[in-house]
Amino acid sequence: MSRSIGELPHALDTLETGGELQQRLEGRHPAVFLDYDGTLTHIVDRPEDALISEEMREAVRSLAERCSVCVVSGRDRRVVQELMGLDNLIVAGSHGFDIWSPEGGEIQHEQGTSFGDLLGEVEDRLREGSTAVEGSLVEPKSASVAIHYRLASEEERPKIKELVDGLLEEHPGELKVTPGKMVYEVQPNIDWDKGRAVLYLLRALELDRDDVVPLYLGDDVTDEHAFGALSETSPPGIGVFVSDAEDPENATRTTAADYLLRSVEEVERFLDRLAR
Ligand SMILES: [Mg+2]
């Protein structure tokens with residue numbers, strides 16, 4: 001169900017007055033999923049400037065002492081861990097492909113074996129096929145394998161494209177390629193978004209239980225998948241849209257979230273309140 005942002009009840013009001021949100025949490029543990037950029041930090045021009053405030057870090061830390069807290073970001077997992085600077089936090093980077101939890105360490109993605117095997121095979125094939133191309137470089141990543149050819153000569157570069165095309169033909173429908181600046185990034189061709197990531201995380205972290213209510217806080221279009229997915233959980237999860245009051249687009253936007261917070265500062269107060 002989609003509603004316009006202006007129709008959403010305010011998350012802090014309902015929590016503080018023992019309203020519906022409070023009732024849905026009654027007798028259950030929250031499992032709190034947090035987007036990073038725009039939810040825990042203000043949106044800035046350069047992503048490297050999006051630093052979390054000491055107060056917000058403290059709010060997340062104390063909440064994570066009381067319940068499961070997971071930051072879900074499109075950024076690299078290690079970058080998010082560094083930005084958060086907390087060790088009692090579950091962190092899902094690359095939109096949930098790369099997960100780390102304080103209890104379990106690294107968690108293998110559910111397409112685990114086939115996915116890992118496939119990437120291993122891609123890496124081997126790219127290494128083999130590119131040995132003769134001087135200046136090429138194969139870089140395995142958590143959810144893809146990249147082959148760089150910036151340092152290869154003009155004449156040799158087409159060989160890299162042939163190699164990648166050949167690999168796709170060998171794995172019909174299994175792989176996709178994103179070309180970048182002098183690089184091809186080869187990834188498994190699977191549907192994945194933050195909604196699937198959250199449902200996967202709930203299972204992987206054994207939080208898909210009757211006594212756990214998932215909450216998801218996010219500010220962006222990609223977070224809508226997560227808000228939508230929360231309606232599929234049992235008990236149903238709670239989506240909180242973090243709206244920038246200054247953003248004119250929010251006047252006309254609709255969301256699948258249940259509640260509204262109007263700023264990063266309100267997110268901090270909400271997390272504080274949840275921790276109590
Ligand atoms: Mg965001």
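1. A quick word on terms before we start: helices here are DSSP runs of H or I with at least four residues, strands are DSSP runs of E with at least two, and both are numbered from the N terminus. The model is a predicted one, in which local features need pLDDT of at least 70, side-chain atom pairs count only at pLDDT 80 or more, and totals for chains, interfaces and linings use all residues. Residue numbers start from 1 along each chain as its sequence is written.

2. For an overview, the chain has 9 helices and 14 strands. Its C-alpha atoms fill a box of roughly 70 × 40 × 35 Å along the principal axes. Of its 276 residues, 36% count as buried (20 or more other C-beta atoms within 10 Å of a residue's own; 12 or fewer is exposed, anything between is partly exposed, and C-beta atoms are placed from the backbone).

3. Now have a look at the open sheet, where 8 strands run in the order 6-5-4-3-2-11-12-14 with mixed pairing (two strands pair if DSSP finds at least two bridges between them). The edges are strand 6 (105-107) and strand 14 (259-261), each pairing on one side only. From one strand to the next, the twist averages 20 degrees (axes are lines fitted to C-alpha atoms, for helices over the stretch in contact, and angles run from 0 to 180 degrees between N-to-C directions).

4. Within that sheet, strand 2 (residues 29-34) and strand 3 (residues 68-72) are parallel partners over 4 bridges. Leu 34 stands opposite Val 71 in strand 3. Helix 7 packs on the sheet, touching strands 2, 3, 4, 5, 6 and 11, and its direction makes about 150 degrees with that of strand 3 (contact means C-beta atoms, placed from the backbone, within 7 Å).

5. What happens just after helix 7? There, Glu 206 takes a positive phi of about 55 degrees, although Glu 206 is not a glycine. This residue lies in the loop between helix 7 and strand 11 (212-218). Glu 206 is exposed, with 10 other C-beta atoms within 10 Å.

6. One more backbone detail to check: the peptide bond from Ser 234 to Pro 235 is cis, with omega near -5 degrees. Pro 235 sits in the loop between helix 8 (224-230) and strand 12 (238-242).

Notes: Contact = placed C-beta atoms within 7 Å.
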